[in-house]
Amino acid sequence: MFGLVIAVAAAVAADGYLMAPHLGKPMSADEVSKWNKTIFPDGQGLPPGRGDAKDGRVLYAQKCASCHGDHGEGATAEELVGEPKPPTPDNPSKAIGSYWPFATTIFDFISRSMPPSAPGSLSADETYAITAYLLAANKIIGENDVISAETLPKVKMPNRNGFIWIDVKK
Ligand code: HEC
């Protein structure tokens, strides 16, 4: 035990901090900023930028359709497009337009994790455009509506009141 304490103390002294296993390399500030983002349901954390469904459709076809289907109907990965109404026991659809309570989560999920081969690779404008395309395809916004940090939090999702919040005071 005493030996271990000395060894740790020496390692701390040598480098000024506890010696790491020296695997990989420290992440640059740029790399960290790609992952270090949180967008809240009310839109807090959304970056500047804008996009519409027309541009989003092109990007979707290039980067998403191979797994989610040509029109978001689902293929090897989940369906993204469905009827704009809450899920029911007869139709327990988890499509964005049916299940998701907040539109801001679409931007958040896509920007941090899609496409799976290159998460974080989409620009803010591209992510707003794809979000606009998915909202329009789910018939929640119009084809020409512009989606941005200002407009996205105002989009009301059909299943907005379909959840019971764990922090609600009784
Ligand atoms: C290589 C296949 C692949 C590609 C390409 C891909 N996805 Fe996905 N996507 C997945 C898989 C697999 C999941 C499920 C991941 C999970 O549940 O953790 C998923 C989940 C999602 C979800 C959440 C669905 C839900 O209901 O939980 C969204 C939204 C989404 N993808 C959007 C996109 C967008 C937008 C693109 C293009 C920029 C894209 N994906 C490209 C495979 C893919």
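Tutor: Happy to! Let's take P84, which is partly exposed because 16 other C-beta atoms lie within 10 Å. Buried means 20 or more other C-beta atoms within 10 Å of a residue's own, exposed means 12 or fewer, and partly exposed is in between, with C-beta atoms placed from the backbone. This is a predicted model, where local features need pLDDT of at least 70, side-chain atom pairs count only at pLDDT 80 or more, and totals for chains, interfaces and linings use all residues. Residues are numbered from 1 along each chain as its sequence is written.

Student: Where does P84 lie?

Tutor: P84 sits in the loop between α4 and α5. Helices (H or I, at least four residues) and strands (E, at least two) are DSSP runs, numbered from the N terminus.

Student: And what does P84 touch?

Tutor: Leaving out residues up to four places away in sequence, P84 touches G97, N138, K139, I140 and P158. Touching, or contact, means that the C-beta atoms, placed from the backbone, lie within 7 Å. P84 and M157 are 73 residues apart in sequence, with 8.1 Å between them in space, C-alpha to C-alpha.

Student: OK, zooming out. How many helices and strands are there?

Tutor: The protein has seven helices and two strands. Along the sequence they follow the pattern α-α-β-α-α-α-α-α-β. Of the 170 residues, 26% are buried.

Student: Which residues of α6 are buried?

Tutor: In α6 they are T104, I106, F107, I110 and S111. Looking down the axis of α6, these buried residues fall within an arc of 160 degrees (taken from the directions from the helix axis to the C-beta atoms), so they line one face of the helix.

Student: What covers them?

Tutor: The cover over the buried residues of α6 includes α5 (96-99) and α7 (124-137).

Student: New topic: how do α3 and α7 cross?

Tutor: The axes of α3 (residues 53-63) and α7 come within 7 Å and cross at roughly 100 degrees. Axes are lines fitted to C-alpha atoms, for helices over the stretch in contact, and angles run from 0 to 180 degrees between N-to-C directions. That makes α3 roughly perpendicular to α7, a term for angles of 65 to 115 degrees.

Student: Last one: which residues come nearest to the ligand?

Tutor: Among the 16 residues around the ligand, C64, C67, A77, M114 and P115 come nearest; near here means a C-beta atom, placed from the backbone, within 6 Å. Both α4 (65-68) and α6 (104-113) supply at least two residues of that shell.

Notes: Contact = placed C-beta atoms within 7 Å. Parallel < 35°, antiparallel > 145°, perpendicular 65-115°, else oblique.
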